[in-house]
Amino acid sequence: MVIQDIQTGRISLPLRHPFKTALRTVDAVEDVVVRVIADTGETGYGEAPPTAVITGDTLGSIECAVRDFIRPALLGMEIENLDGIMKKLHGCILKNTSAKAAVDMAVYDLYGKRLGAPVYQLLGGARKRVETDLTISVNPIEEMVADALEAVGRGYRILKIKVGKEGRGDVERIAAIRSAVGPDILLRVDANQGWNARQSVSIISAMEDKGLDIELVEQPVKAHDIEGMKYITRRVQTPILADESVFSPADAVEIIRQRAADFINIKLMKTGGIHEALKICDVAEIYGVECMIGCMLESRLSVAAAAHLAAGRSVITRADLDGPSLCSVDPYEGGPVFDEAAISMTGDPGIGVGNLPCAEWR
Ligand SMILES: C[C@H](N)C(=O)N[C@@H](CCC(=O)O)C(=O)O
Ligand SMILES: [Mg+2]
């Protein structure tokens, strides 16, 4: 099975509610999709969101990276030569991790189809079901409380609360949500780099003093502020999870060796796909560090690829794979089933998702 063509298209899916973090507000999933076509007529699919404020990638830069750099590097390669394909994919252009992720997952999709097996089984087959949280956007407190109650009503037992825009005001926010949802709902907090190190210690300590029982705090300070992450991790009881600070396996090694965070959030859009994400899983396992698997504003197509990784590897103990739940529609067929918090793997070969709503491929 040889790679004959690689094409890009675009999808646009409205969100149920605007998605708001300390970094940005978004109303729709507007992503690039990729198809890798084999000489046998089989097709593998992938997706890349333009998360410019985190990865630096835009719709145009993703399309350019795929068309002008990745496509010429991979044409004619045997799908069975996964290692060779991945070396070329990551060597043909620096950074551009979202474009690489979309092509990586399309290649894994074809690889699984070639071998007649779902990708999660090829990656280790640790489990068949994964439970995701649901994100509560940062908004006025009453709105966040209402959103949290709605999420619990939809069956979510884990909520990821976005903060980072108001410093100490965030304590009040979390306290109101905890009092509304009760003690049995797991609350994780994501500041998306919105605090500084001293502020983080004061906010997290206040949440601890109030007994708000927070599972973890995600990326309290700027991505490059590893000293700040270390400062916080040493001073609070609540586990700290590195998100924007860890893109590559080398970043993960650095964070772990410096003990700058307790957990690592793996996202395919930061690693450049499954192949590099597996290296983070290996490093984390060596050091006994647990990982979360996350997503950007992505539809079920690429979140399904992340679900395969989560189902494949037991070192991934937490999932923030709520992209499909945030979308108001799911136009696809096949692949993992997303039923609110419950993600169930199927026997479909590859990643398994098809029927893309994409009018034009180039
Ligand atoms: C969508 C997911 N729950 C999430 O919060 N992902 C990111 C932010 C994604 C974005 O801005 O597109 C995160 O910081 O964890
Ligand atoms: Mg995050």
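Entry 1: I looked up the UniProt record first: an unreviewed entry places the feature "domain: Mandelate racemase/muconate lactonizing enzyme C-terminal" at residues 141–239. I am working from a predicted model, so I keep that in mind throughout. Over residues 141–239 I find the chain to be 49% helix and 15% strand, with the end C-alpha atoms 24 Å apart.

**Entry 2: strand β7 and its partners.** Is β7 enclosed or open? I checked residues 186–190 and found 4 of the 5 buried, so strand β7 is largely enclosed by the rest of the structure. From β6 I followed the chain through helix α6 (residues 169–181) to β7, a right-handed β-α-β crossover. β7 also pairs with strand β8 (residues 214–218), again parallel, over 4 bridges, and there I noted Val-189 bridging to Val-217 in β8. Helix α7 (residues 197–209) sits between these two in the chain, and β7, α7 and β8 make a right-handed β-α-β unit.

**Entry 3: the antiparallel sheet.** Next I turned to an open sheet of 3 strands, ordered β1-β2-β3 with antiparallel pairing. Its edge strands are β1 (3–20) and β3 (43–48), each pairing on one side only. Strand β2 (residues 25–38) is joined to β3 by 6 bridges, and Ile-37 has Thr-43 in β3 as its bridge partner. Helix α1 (residues 59–74) packs on this sheet and touches β1, β2 and β3; its direction makes about 155° with that of β1.

How values were computed
Residues are numbered from 1 along each chain as its sequence is written. Chains are lettered from A and ligands numbered from 1 in the order in which they are written. This is a predicted model: local features need pLDDT of at least 70, side-chain atom pairs count only at pLDDT 80 or more; totals for chains, interfaces and linings use all residues. Two strands pair if DSSP finds at least two bridges between them. Two residues are in contact if their C-beta atoms, placed from the backbone, lie within 7 Å. Axes are lines fitted to C-alpha atoms, for helices over the stretch in contact, and angles run from 0 to 180 degrees between N-to-C directions. UniProt positions are given in the numbering used here, feature names are shortened, and annotations may be inferred rather than shown by experiment. A residue is buried if 20 or more other C-beta atoms lie within 10 Å of its own, exposed if 12 or fewer, and partly exposed in between; C-beta atoms are placed from the backbone. A crossover is right-handed if, with the strands pointing away from the viewer, the path from the first strand over the helix to the second runs clockwise.
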